[in-house]
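Please open the structure in your viewer and keep the selection tool at hand. The stops below say what to select next and what is there.

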Amino acid sequence: MIRKLSILFAGALLGATAMTAFVGPHAGVANAAGSDTYRQLAIFGDVFERVRAQYVDVPDDQKLIETAINGMLTSLDPHSSYMNAKETADMRTETRGEFGGLGIEVTMENELVKVISPFDGTPADKAGVLAGDLIAEINGEQVRGLTLAEAVEKMKGEIGTSVDLVIVREGATQPVRLSIERAEIKVPSVRHTVENDVGYIKLLRFNEQTTSGMEEAIADIKSKIPADKLKGYVLDLRRNPGGLLDEAVSVSDAFLESGEIVSTRGRNAEETRRYNARSGDDVDGKPVVVLVNGGSASASEIVAGALQDQKRATVVGSRSFGKGSVQTIIPLGANGALRLTTALYYTPSGSSIQGRGIRPDIEVDQPLPEEIKAQMGLKADEDLKMGESSLRGHIQGAEEGDEGSGSLDYVPPEAKDDLQMQYALELLRGTKTNAAFPPKQDSASVAN
């Protein structure tokens, strides 16, 4: 049950931090501040000195300044923030999708780290770590009392160094003790399966490995299903919180022959940028169904919006998160970096997703199981919905309405219970029909 709850919340929470672009340390020129601004800064300096001199405990100067900077940025919108040097390094590791570690996907259960699955060929896999193992100690330190993030951080480290684990394994009479040498780990951002005559591709995040991982998935599906038997593809973007803008563009490009993918518009008209598809459809024009839900945010919404507007795919599921802003990472040298909202992005039809989200062509709700509702204290007719429009201080979207954005972020662990997935398979196989599938080009379509 605990794992189900982590599945429920992760996408929506991560969706609040996704979609980044990178610039050099000196990009742009700041406007000169007026005399009133400098007077206000003098007040800040006075307050800072009084806190340092008179607060009941001796404060940490660096923490005071970092918190003040963060307060300024977070007052702008929920996605702008300051990152110190360590947080900046962690962010770059996340976007690269590579780090020194053991190679396991984990969650927290009963105050212990539970292994969901070891990645194939990684040190954890070779050492015999199994799905379902509970990690009780890391380098002699008890896991109880640590957060999941703290425990994961302790298992990461320099390549070639070792980690000592104590594992509680079902059926074992004694704890299993392992010493595992860290290696370079590439975090899978793509998973795929062959569903008889349909190729299923799940994008977990948009990092530097996503496009290449998807290309490998498409090639593997083609090798296993003859072209005349392949009905099409399901592209699953549910609970994908987003990531790199360039990866969202290249993923969209893989399914398009031509046309606009997305545009980004900043404060000044000259900052508008348009991203277009290049010739070549990696799936040879086969039908595509895209799955979205309330955990599909940012880069996921770029892909869904591009394929929907260009009439290349039918979008099935529930309304997406609605995060239509781009955060630029501005390096500050040894002092970390700023994550600053610098633009909003628009689908090929010119629609802003900010606070509105992607509305599916075919709405298929996935209800939250009653046992999870009961555990969370929800009434039978209550559901959890989270989206950009519900975030305090979010930028008001040009097309944001009273209904807002977002929907339930839940995907059943068993495929047979996954109503959205089953609907997509039935569409592709022709056992279910809908006027929205396949999408039809018409005079109102986006020009290529």
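**First stop: two helices**

Select helix H7 (residues 210-224) and helix H8 (residues 245-253), which pack at an angle of about 25° with their axes 9 Å apart; axes are lines fitted to C-alpha atoms, for helices over the stretch in contact, and angles run from 0 to 180 degrees between N-to-C directions. Helices (H or I, at least four residues) and strands (E, at least two) are DSSP runs, numbered from the N terminus. This is a predicted model, in which local features need pLDDT of at least 70 and side-chain atom pairs count only at pLDDT 80 or more, while totals for chains, interfaces and linings use all residues. Residues are numbered from 1 along each chain as its sequence is written, and side-chain values use heavy atoms, with hydrogens and water left out.

Now show the side chains: Thr210, Thr211 and Met214 in H7 meet Glu247, Ser250 and Val251 in H8, where contact means heavy atoms within 4.5 Å.

**Second stop: the sheet**

Next, select the six strands that form an open sheet with mixed pairing, in the order E11-E12-E13-E16-E17-E20; two strands pair if DSSP finds at least two bridges between them. Strand E11 (190-195) and strand E20 (362-363) stand at the edges with a single partner strand each, so one side of each is left without a neighbour in the sheet.

Then select strand E13 (residues 232-236) and strand E16 (residues 288-292), which pair in the parallel sense over four bridges; Asp236 has Leu291 in E16 as its bridge partner.
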